[in-house]
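Thanks for coming. Please have a look at the model first.

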Amino acid sequence: MLILVSYGVSTETAAGRRRLRRVAKVCLNYGQRVQKSVFECQVDMATLEILKAALLNEISLDEDNLRIYRLTEPLSKNVQEFGKFRATDFAAPLIL
């Protein structure tokens, strides 16, 4: 399944800036950055639970915001892209 992870981390303190970097690193392990605090991730249900636990371990529930959206099929009807960046199609063959 394709999910969208979006977060807002308070960066007013040094601890907040560290949390921001750690949250981004967790997301990079599971998907691709499509905007500064938005990632697309191709995961199964078990991996989604692992990702969610890792993110909840990093953020502060009192100061930060985390949202995870499940993108429904068919993606061609539910996801529109405009501008320079083009996301990687996880279902297509990968050519190096």
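Is leucine 28 buried, partly exposed or exposed? Leucine 28 is partly exposed, because its relative accessible area is 47%, and buried here means under 20% relative accessible area, exposed means over 50%, and partly exposed is in between, with a 1.4 Å probe and protein chains only.

Some ground rules. This is a predicted model, in which local features need pLDDT of at least 70 and side-chain atom pairs count only at pLDDT 80 or more, while totals for chains, interfaces and linings use all residues. Residues are numbered from 1 along each chain as its sequence is written, and side-chain values use heavy atoms, with hydrogens and water left out.

Now the overall layout. The chain has three helices and four strands, where helices (H or I, at least four residues) and strands (E, at least two) are DSSP runs numbered from the N terminus. In sequence order the pattern is β-α-β-β-α-β-α. The chain has 96 residues, and 28% of them count as buried. If we take contacts between residues at least 6 apart in sequence, 66% of them join residues at least 24 apart. Contact means heavy atoms within 4.5 Å.

Back to leucine 28, which sits in helix 1. Not counting residues up to four places away in sequence, leucine 28 touches Arg33 and Phe39. Leucine 28 and phenylalanine 39 are 11 residues apart in sequence, and their C-alpha atoms are 7.8 Å apart.

Next, helix 1 as a whole. Helix 1 covers residues 14-28, and at 1.5 Å a residue these 15 residues should span 21 Å; the end C-alpha atoms are 21 Å apart, so the two agree. The expected span is 1.5 Å times one less than the number of residues.

Which residues of helix 1 are buried? They are Gly16, Arg19, Val23, Ala24, Val26 and Cys27. Viewed down the axis of helix 1, these buried residues fall within an arc of 160 degrees, so they line one face; the arc is that of the directions from the helix axis to the C-beta atoms. The cover over the buried residues of helix 1 includes strand 1 (2-8), strand 2 (31-35), strand 3 (38-42) and helix 2 (45-58).

Arginine 19 counts as buried, at 9% relative accessibility. Arginine 17, also in helix 1, is partly exposed at 38%. Leaving aside neighbours within four places in sequence, arginine 17 is in contact with Ser10, Thr11 and Glu12. With residues up to four places away not counted, arginine 19 touches Val9, Ser10, Glu58, Ile59, Ser60, Glu63 and Asp64.

Glu58 takes us to helix 2. Helix 2 has 14 residues and reaches 20 Å from first C-alpha to last, close to the 20 Å expected at 1.5 Å a residue. Its buried residues are Leu48, Leu51, Leu55 and Glu58. They cover an arc of only 90 degrees around the axis, which puts them on the same side of helix 2. Ala46 and Asn57, on the other side of helix 2, are exposed. Strand 1, helix 1, strand 3 and strand 4 (65-71) are what the buried residues of helix 2 pack against.

How do the two helices meet? Helix 1 and helix 2 pack at an angle of about 170 degrees, with their axes 9 Å apart. Axes are lines fitted to C-alpha atoms, for helices over the stretch in contact, and angles run from 0 to 180 degrees between N-to-C directions. That makes helix 1 roughly antiparallel to helix 2, since angles under 35 degrees count as roughly parallel, over 145 as roughly antiparallel, 65 to 115 as roughly perpendicular and the rest as oblique. Helix 1 brings Arg19, Arg22, Val23, Val26 and Cys27 to the contact, and helix 2 brings Leu51, Ala54, Leu55 and Glu58.

Glutamate 58 is buried, with a relative accessible area of 17%. Its contacts, neighbours within four places aside, are Arg19, Arg22, Val23 and Val26.

Last, cysteine 41 in strand 3. Cysteine 41 is buried, at a relative accessible area of 0%. Beyond four places in sequence, cysteine 41 touches residues including Leu2, Cys27 and Leu51.
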